[in-house]
Amino acid sequence: MESNPLYDVLKNVSEPVGIKIYSRGEAGENAWVHRYIEKIKPCPDRTHIRLYFDGYHFLAISADCEIMATDEGLTAYDPVGCLYYEIRKDCAK
C-alpha cells in the first residue's frame with residue numbers, strides 16, 4: 001500500500017489498545033472497548049484501513065481521515081461519516 005498517514009501511525013501497533021468511536025459532542029459518553037490489534041491492512045478498494053482483532057473481526061476506518069497522533073495514541077476524524085475514532089494504548093488499568 002502506498003503511504004497513508006493512518007496506516008503509517010498504526011502499522012507497528014502490536015499491543016492491547018482502547019478504542020472509542022463517537023460523533024461530535026459524545027466523547028465523554030462512550031465507553032472504551034479493549035482489543036488487541038492483530039494486523040492492519042487496507043480494504044480491497046483501498047478506501048479504508050482495516051484493524052483486525054482476529055482472523056475475521058475488524059474495524060474499518062476511512063483512509064482519508066484527519067489524523068491527530070500523540071505518544072498515547074491517535075484520534076482520527078472521518079468528515080464524511082462525522083465520526084471520531086480514538087485509539088489509545090490500553091487504558092484498562
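This report describes aromatic ring contacts in a predicted model.

## Basis of the model

The structure is a predicted model, in which local features need pLDDT of at least 70 and side-chain atom pairs count only at pLDDT 80 or more, while totals for chains, interfaces and linings use all residues. Residues are numbered from 1 along each chain as its sequence is written, and side-chain values use heavy atoms, with hydrogens and water left out.

## Aromatic pairs

A search of the whole structure finds three aromatic pairs, where rings of Phe, Tyr and Trp (its six-membered ring) pair if their centres lie within 6.5 Å, and planes under 30 degrees apart count as stacked, over 60 as edge-to-face and the rest as tilted. One of them joins Y22 and Y84, which are stacked at 5.2 Å centre to centre with 10° between the planes. Because Y22 lies in strand β1 (residues 16-23) and Y84 in strand β8 (residues 83-89), this pair ties together parts that are 62 residues apart in sequence; strands are DSSP runs (E, at least two residues), numbered from the N terminus.

The rings of Y77 and Y84 have centres 4.5 Å apart and planes at 40°, so this pair is tilted. Y22, Y77 and Y84 form one aromatic cluster.

## Burial of the cluster

Y22 is buried at 8% relative accessible area, where buried means under 20% (1.4 Å probe, protein chains only). Y77 also counts as buried, at 13% relative accessibility, and Y84 is buried at 17%.

Notes: Helix = DSSP H or I, 4+ residues; strand = E, 2+ residues; numbered from the N terminus. Buried < 20%, exposed > 50% of the residue type's maximum accessible area, 1.4 Å probe, protein only.
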